[in-house]
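Have a look at the structure, then read on.

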Amino acid sequence: MTEPTVTQVSAAWAPFAAAVLLGVAAAGAMLDRALAARTDGRPWQSGLTTPWGETARLLRQRRRTTLVADVPLWRIGGAGLLVVAMLMVVVIPLGRWTIDDLPVGIAWFNAMDVIVWAVVWLAGWGANSAHSLMAGYRFLAQALAYELPLMFALTAPTVGAGSLRVGDVVAAQHGLWFVVWMPVAFLVYCAAVVAFSVWGPFAAASGVPEAGGVLAELSGIDRWLVLAGRWALLTAGAAFGTTLFLGGGAGPLLPGWLWVPVKTTALLAAFIVLRRRTPTVRPERFIEIAWLVVLPLVLLQVLVVSIVVVGRS
Amino acid sequence: MGLNDLLARSAVARASVLVVEVPGWSRARCAVEAGMRRRGWRPALSPADADALVVVGEAAERWRAAVDLVWEQLPGPRARATVTAAVDAAATLDGLHAELADDTRQRRDAAARSTEPAMGTQAGVNAQAQDGDRGEDSDPDMDPGDMHPGDMDMPMPGGIPLAGGAEDRDGLQMDVLHVPLGPVLPAWPAGLVLRCTVSGDVVTQAEAEVLPAAGPAPLGEGLIHGSPPERLDRAARLLLLAGWGDAAVAAARLRDELLDAPDSTAGVRALDRLIRRVGRSRSLRWSIAGRGHASGADAYAQLLEALRGARAAPARSSTPPALTPLDRLPELVAGRQLSSVRLLVAAAELDTATLVRAGTVHP
């Protein structure tokens, strides 16, 4: 059953929202490791416990520092990813309830993903290590590439619903989900989510040629915060994507608050399966394609949406 | 006690190992990697990521400083071992497992270490005349930049001068860093040390050298250059650097299969499937193909050639591919970005074991 409005609940529910976010993120990590175990030749069931094993390993590992590291900025960079993901979830409605239905919810989400620029660069800068610093700068190059297409991809549902409020966007999808008539915006949004999570094909800032990149000097709980932060960002992005494009809590049989995690998990699973087939995208190649091909396509999409909206009214 | 035990057991089930290969022991390294894959362990990307350090082969004295520096950079709990024969790989990994799970021993090791970060060795290009060696490249205290003896009032945090500036190829003032790549670096030719001078993140000059082994490797501990397993090893390394972990693991497993059963038809069929899969991937071509570079520097072309070379030579090949001489590396690498340098070095036809045997370890 679809609900016409979204009601705000008190901020005391925030830990519950964080728990749901981390739960779906953990499920995503387990699926990813199960697929990796199958590639390795081991049974996929052994992959399911790998994220917990990795967490245990990092909790047991000692923390580490380097000579003249910029510790405050480094730790802010490390913990920032998880914090930003939690802040993103604030505007995402779970069915009928949301923690804060900001009048500018979409702009809030955009602001949070811009903060990721600073967070990842700080994580690279703080370590006082050559590879770490270079990886931070490579992430900025990648961010320059995806940010404008992402902003315009977020503009498409805004124009379609006539409002920046996330509740209005969910309500405007009653008849038809936005993904049906804004497919380009949806695809670009998904790619941008993977890119700002520093994950999968867009993990140039933490890859093998960079000797670990921003993760190169991190160990113990600091490393866990960055790794968990990446998964949390990916999940928050997927959840926001289902709200903006896949109708949020709308759907038959199940209640709205169950549909949101189900759809988010489905989108997350699609990301995870597709990631296995793609190599890492190098930022210098990515910038060309993003500015010359993707950006005009998204602008065209926004034009089409605007024409439809004007024609409808 | 029960919770500690549980934590230790799940932690060690998922250990990560930093593998240091000495030139000539590539087959032993393959055995170690296969053992790790079977247990669910993974190769570490950097010393901070590693639980265990495995030196494969008998390393000469010059390696000692590098390996010791890397050992110091491992956070605890940690364990260390040496493997000199492929058959010992499984037993050594078992020993590492036991050592990592032993809480008492790890606590004693942790108590015996200092809490201050260690100052590394100097990384300047002029400093290579000293004894001792550069260690892992991601050590921060290895970037002193240009040292000017006259600047006594220059700020020196931690006793290291700030990076000096110089004009790069586009005329921009960029920081000059000295970044030595290797000898302990994942997906890197064994024993190669490439001392790069980097301005921004573009390499302006480089110097190549190969650290020798303590003695000749026993026959059978190395992969024969040009043979199908060696070609697949190269392909796996290129795929890993390109970021396609799945295909890299598939190539590595095929390599191990071919090492165990050189003439299996199932292996040949799997190789055909891998070649089709890699050839079909447009994103791979877009990602790592070179643009207008001289042949030999194109990582994508080299990858396809390595895979086809493995397919076309089920028996021992007659002539192995021509080797890149060590002094070609600095010119190949100049003006390229550091991550591209990793790809280029992996794509260059380098066999450090042959260089060590021939004694041509300096350009």
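Helices (H or I, at least four residues) and strands (E, at least two) are DSSP runs, numbered from the N terminus. By that count, chain B has 13 helices and eight strands. This is a predicted model, where local features need pLDDT of at least 70, side-chain atom pairs count only at pLDDT 80 or more, and totals for chains, interfaces and linings use all residues. Residues are numbered from 1 along each chain as its sequence is written, chains are lettered from A and ligands numbered from 1 in the order in which they are written, and side-chain values use heavy atoms, with hydrogens and water left out.

**Chain B on its own**

Of the 363 residues in chain B, 54% count as buried, meaning under 20% relative accessible area; exposed is over 50% and partly exposed is in between (1.4 Å probe, protein chains only). Take the contacts in chain B (heavy atoms within 4.5 Å) with a separation of 6 or more: 68% of them come from residues 24 or more positions apart.

**Where the chains meet**

Now for the interface: 69 residues of chain B are in contact with 50 residues of chain A. The buried area between chain B and chain A is about 4900 Å², and carbon and sulfur atoms give 55% of it. Buried area here is the accessible area (1.4 Å probe) that two parts lose on being put together, summed over both. On the chain B side, Arg14(B), Leu45(B) and Trp286(B) lose the most area to chain A, together 14% of what that side buries.

Arg14(B) also has a charged partner: its side chain meets that of Glu54(A) in a salt bridge, at 3.1 Å from N to O. The count between the two chains is seven salt bridges, each a side-chain nitrogen of Lys or Arg within 4 Å of a carboxyl oxygen of Asp or Glu.

Val68(A) is partly exposed, with a relative accessible area of 39%. Asn128(A) is partly exposed too, at 31%.
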